[in-house]
Amino acid sequence: MNTNFYEKIKEVSEVLYYKALTVIPIDVVEKIKRAYNLEESLLGKRILDIILRNIDIARKRNLLVCQDTGIPVYLVEIGDMELSLTKLRNSIRDGVRNSTLKNHLRPNMVHPITRLNTGDNTGKYSPIIHIELNEKLGKAIKIIALPKGSGSENMSALTMLRPADGVNGIKRFVLETVANAGGKGCPPYIVGIGIGGNFEQVAYLAKKAIFRPLGYRNEDEMARQLEEELFFSINNLGIGPMGVGGKITALGVHVEISETHISSLPVAVNIQCWRGERAEAIVTEDLQVKYMGGQD
Amino acid sequence: MKVLTTPLDKNVINTLKIGDEVYISGYVYILRDATLRRIFEEKSNLPVELKGQVVLFGAPSFIYDKGEYKILSVGVTTSQRMEKYIPSLLSLGVKGIIGKGELSELVTPAFKDKNAVYFLFVGGAAALATSCIERVEKVWWEDLYGEALFKVKVNSLGPAFVAIDNMGNNLLLDNKKKVLDNLKKLLQEI
C-alpha cells in the first residue's frame, strides 16, 4: 500500500477516537430508550432519563459524553489485501496522538508505578491494537475504536476455573463479578464474557464481545443460550441504573467461546458502561471511507 | 427539586434525605486520587479552605487560553477509590461530596459524625455536568494535569441524588445488600 493509504488510516483513527467519545452508537441509544420504558424503579427511570438527556446534549453541543477519554483500544479487521502492520500501527498511534492534542482530550496513559503521564494517550504499548482477519471485507480494512473508560474496566475480572466447575462455575463467576461491580462501573452494563482459550486469549475474547453491537447474538447455539440465560439472571440482580436499584442492570450480554486446554477453563468478564463507546469505519484500498454506527 | 448553594448550610443539610434530587449552585472543588495523595500522603499544605464546601471527585480536561482556564469536560469518577481519604476530607470541614458508586460502611459513619452528605451524580453524564460550569475560578497543582485542584463556579449542577445523608442512611449500600441477597438466591438456583 502506498503512503496515502496510511495517511488515510491516521486520519480515520483520529476521527474515530473523537467520534466514539461524542456520539453514542445507535444500537446502544436504542437499548437505553427501551430500558427507560421497561424500568419500574422511579429513581432508576429518572437516571436513564438523565443518561438519554446527556447523550443528546453531547451530540448537539459537540461535548464529550463522559469525561473519561478512555484507554485507546482499536480492533482492526483486515480484508483480502497486503499491508504493512508496522505502518498500520504507527498510523493508528499518530491518529490517537493527533486526536488527543487537537481535541484537548484528557491524557490518561501513565506509567503504572511512577504514575507519570505520557501526555498524549500514546506510549510504547498504547494504543492497544487487535488484529483480526476478515476476508469478506475484500480490498479493505475495518477499524473500530473503543476508547474504553476505566470505571467499568476496573470492575472486570478473570479467573482460571477447573474443568470440573463446568458451565455452572462460569455462570457463578459472571454473576459474582457483575454483583461486585454494582453501581461503580456505571450500569446499565454491556457484559462481555470470554470462555476458553488461555490466560491472555480469554481476556481478549471478553473484550471482543463488547465490540459486538447490541442486538446481535452469537451464532453458536451454546454461546447464545448462555447469553440469554445470563442476561436474565444479571437483570435479576437488581443493581439498576447507577446502582440505585431496578430491573435494568444490563443492556446486553455477549459471549465469545474458544477452544481451551484439556486441564483449563478460563473465564473473563469485561464490563462495559452504558456509554458503549464505539466508532467504526471501513477504509478501502482506493481510499474510500465509510463511517458507521453513529446516530446521524 | 431542591437547589442548594455552597457553602452548605447546616440547616439545609438537616433537610436532606437519601433519594432527594438536588441541584447545586456556587463554588465546587474538583479533585481526586492524585490530589488527595498530595494532600494526605505528601502532606502538602492545602492552598484553600474547604470548610462548608462541596467537592466533586473528577478529573477535567481543560485548556488555558488568554489567561483563563476553560474546562472542556468534567464528570464524576468512582468514589470508592477515594474512601481512604474521605474521613480526613470531612474532618477538613467538607460538607458535601459528589461522586458515583457506593461508599462502604467503613466511611458512612463519618458523614453522620461530620454532618455531611454524599451526592450521587450520574456517572458518565459529563456533557450535563460540563454544561453546568460557569467558569473556572482557580487551579492549583497543575502538574497533576486533570487531577489538579480546581475551584469552579457552577450553576444548578445536577440533577444529583442524596446517596448518604447526615443520619448515616446509605442509599446505594442498602441496594447493594439487596443485590447480594439476590445474588445468593440466583447462585442457589444454578
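Author: What follows takes the sheets strand by strand and then turns to the backbone. Keep in mind that this is a predicted model.

Start with the sheet of 5 strands in chain A. The order is E2-E1-E3-E8-E9. The sheet is open, and its pairing is mixed. Which strands stand at the edges? They are E2 and strand E9 (289–292) of chain A. Each of these edge strands pairs on one side only. From one strand to the next, the twist averages 20°.

Now look at one pair within this sheet. Strand E1 of chain A covers residues 73–78. E1(A) and E2(A) are joined by 6 bridges and run in the parallel sense.

Helix H1 of chain A spans residues 3–22. H1 touches E1, strand E3 (140–145), strand E8 (279–284) and E9 of chain A. The direction of H1 makes about 165° with that of E8(A). Helix H7 of chain A spans residues 199–211. H7 touches E1, E2 and E3 of chain A. Its direction makes about 80° with that of E1(A).

A:Ile131, A:Leu85 and A:Leu133 make a nonpolar surface patch of about 320 Å².

A:Pro127 lies between helix H4 (85–102) and E2 of chain A. The peptide bond joining A:Ser126 and A:Pro127 is cis, with omega about 0°. Most peptide bonds are trans.

Next comes the sheet of 4 strands in chain A. Its order is E4-E7-E5-E6. This sheet is open, and its pairing is mixed. Strand E4 (157–161) and strand E6 (250–260) of chain A stand at the edges. Each has a single partner strand, so one side of each is left without a neighbour in the sheet. The twist averages 15° from strand to strand.

E4(A) pairs with strand E7 (residues 265–272) of chain A. The two run antiparallel, with 5 bridges between them. Within this pair, A:Thr159 has A:Val267 in E7(A) as its bridge partner. Helix H8 (residues 221–235) of chain A lies across strand E5 (189–197) and E6 of chain A. H8 runs at about 140° to E6(A).

Chain B has its own backbone spots. The bond from B:Thr6 to B:Pro7 is cis, with omega near -5°. B:Pro7 sits in the loop between strand E1 (2–5) and helix H1 (10–15) of chain B.

Two residues of chain B stand out by phi. Most residues other than glycine have a negative phi. B:Asn115 is not a glycine, yet its phi is positive, about 55°. B:Asn115 is in the loop between helix H4 (108–113) and strand E7 (117–121) of chain B. B:Trp141 also has a positive phi of about 55°. Its loop runs between strand E8 (133–140) and strand E9 (149–164) of chain B.

Notes
Residues numbered from 1 in each chain as written. Chains lettered and ligands numbered in written order. Predicted model: local features only at pLDDT ≥ 70, side-chain atom pairs only at ≥ 80, totals over all residues. Heavy atoms only, no water. Patch = residues over 30% accessible without salt bridge, like charges linked within 9 Å, V, L, I, M, F, W, Y side chains within 5 Å. Areas by Shrake-Rupley, 256 points an atom, 1.4 Å probe, with all protein chains shown as cover. Salt bridge = Lys/Arg side-chain N within 4 Å of Asp/Glu carboxyl O. Pairing = 2+ DSSP bridges. Axes fitted to C-alpha atoms, helices over the stretch in contact; angles between N-to-C directions. Contact = heavy atoms within 4.5 Å.
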